[in-house]
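Hello,

Here is the structure I promised to pass on to you. Please open it first, and then read my notes below.

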Amino acid sequence: MADTFTGWLRERSEPDWTAVITHPFTRALFDGLVPTESMRSYLVQDYQFVDDFLALLGSALAKADRYASRLAIAGSIAVVTSEENTYFQRAFDALGVGEADRISPRLHDATVTFRELMNDTNARGSYAEVLTVLVVAEWSYLEWAVRAPATLPENFVHAEWITLHNNPEFRRWVDWLCGELDRVGADLDERDRARCLRLFQEATRCERDFFDAHWSG
Ligand SMILES: Cc1ncc(C[n+]2csc(CCO)c2C)c(N)n1
């Protein structure tokens with residue numbers, strides 16, 4: 001039995017959660033063996049995902065119940081708009097992604113579904129619900145990335161996508177995010193907890209579908 005709210009959410013989101021954090025796409029990434037075409041389509045779609053994710057971080061910033069929380073969220077917004085953004089630009093250059101696919105690619109079904117979930121939560125979700133979707137997106141990425149071996153692939157497109165998600169600063173952010181949802185979750189009634197659980201399960205399913213969409217192994 002999980003002793004935290006986030007542990008409880010995660011436990012009830014199996015088997016999807018484990019399918020995400022051990023996905024064959026991530027294992028191929030560790031070996032530098034994701035085919036170039038898969039990596040290109042994955043990153044092109046993910047860049048669109050990150051746009052709505054950034055808006056959702058803004059929603060968390062606005063809905064937070066205290067200044068200390070807003071400061072922590074603001075720090076993470078700075079990362080998405082600096083290091084992470086330069087990675088996408090450099091990876092797109094290396095993969096020969098043209099202007100149109102950087103700005104308005106044809107969206108995959110998995111991307112559309114995920115964006116709808118984030119936009120609905122942004123528009124109508126409580127602070128706890130926004131945190132729930134953020135926790136799934138960040139925690140699941142930390143969890144697959146920490147499974148990487150010490151020796152990384154040579155190609156920076158593969159290697160940096162791993163190190164963006166398993167560095168100490170990212171871990172601290174994910175720890176903070178989970179702790180924040182545990183704090184806010186403690187005050188929720190049963191109905192609101194159930195809403196968070198449904199969102200957690202939906203977002204985990206979206207993460208799984210997102211990897212599946214770029215993997216035909
Ligand atoms: C489908 C999908 N899910 C989660 C992430 C993780 N993620 C989204 S934005 C961001 C920057 C965080 O501070 C990170 C790590 C992703 N990239 N793509």
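Which residues does the UniProt annotation "domain: Thiaminase-2/PQQC" cover? According to that record, an unreviewed entry, the annotation covers residues 13-215; UniProt positions are given in the numbering used here, feature names are shortened, and annotations may be inferred rather than shown by experiment.

Two notes before you go on. This is a predicted model, in which local features need pLDDT of at least 70 and side-chain atom pairs count only at pLDDT 80 or more, while totals for chains, interfaces and linings use all residues. Residues are numbered from 1 along each chain as its sequence is written.

Over residues 13-215 the chain is 80% helix and 0% strand (helices, H or I with at least four residues, and strands, E with at least two, are DSSP runs numbered from the N terminus).

**The ligand**

Around the ligand sit 14 residues, and the closest are F53, V80, A137, Y141 and F210 (a residue is near a molecule if its C-beta atom, placed from the backbone, lies within 6 Å of it). At least two residues of this shell come from each of α4 (36-63), α5 (67-81), α9 (127-145) and α12 (190-213). With four residues, α4 gives the most. By class, the shell has eight nonpolar, two polar and four charged residues (Ala, Val, Leu, Ile, Met, Phe, Trp, Tyr, Cys and Pro count as nonpolar, Asp, Glu, Lys and Arg as charged, and the others, Gly among them, as polar).

**How the helices pack**

The axes of α4 and α5 come within 9 Å and cross at roughly 160° (axes are lines fitted to C-alpha atoms, for helices over the stretch in contact, and angles run from 0 to 180 degrees between N-to-C directions). That makes α4 roughly antiparallel to α5, a term for angles over 145 degrees. The crossing of α4 and α5 is left-handed (the near helix is turned anticlockwise from the far one by less than a right angle). On the α4 side, V50, L54, L57, A60 and L61 meet R70, I73, A74, S76, I77 and V80 of α5 (contact puts the C-beta atoms, placed from the backbone, within 7 Å). Nine nonpolar, one polar and one charged residues make up this contact.

α4 also passes helix α6 (residues 83-95) in a left-handed crossing, with axes that come within 11 Å and cross at roughly 145°. Here T36, M39, R40, L43 and Y47 of α4 touch F88, A91 and L95 of α6.

For α9 and helix α11 (residues 168-185), the axes come within 9 Å and cross at roughly 145°; this crossing is left-handed. Its contact holds 14 nonpolar, two polar and three charged residues.

**One more detail**

A cis peptide bond joins E14 and P15, with omega about 5°. P15 lies in the loop between α1 (5-11) and α2 (16-21).

Best wishes

Key: Parallel < 35°, antiparallel > 145°, perpendicular 65-115°, else oblique. Contact = placed C-beta atoms within 7 Å.
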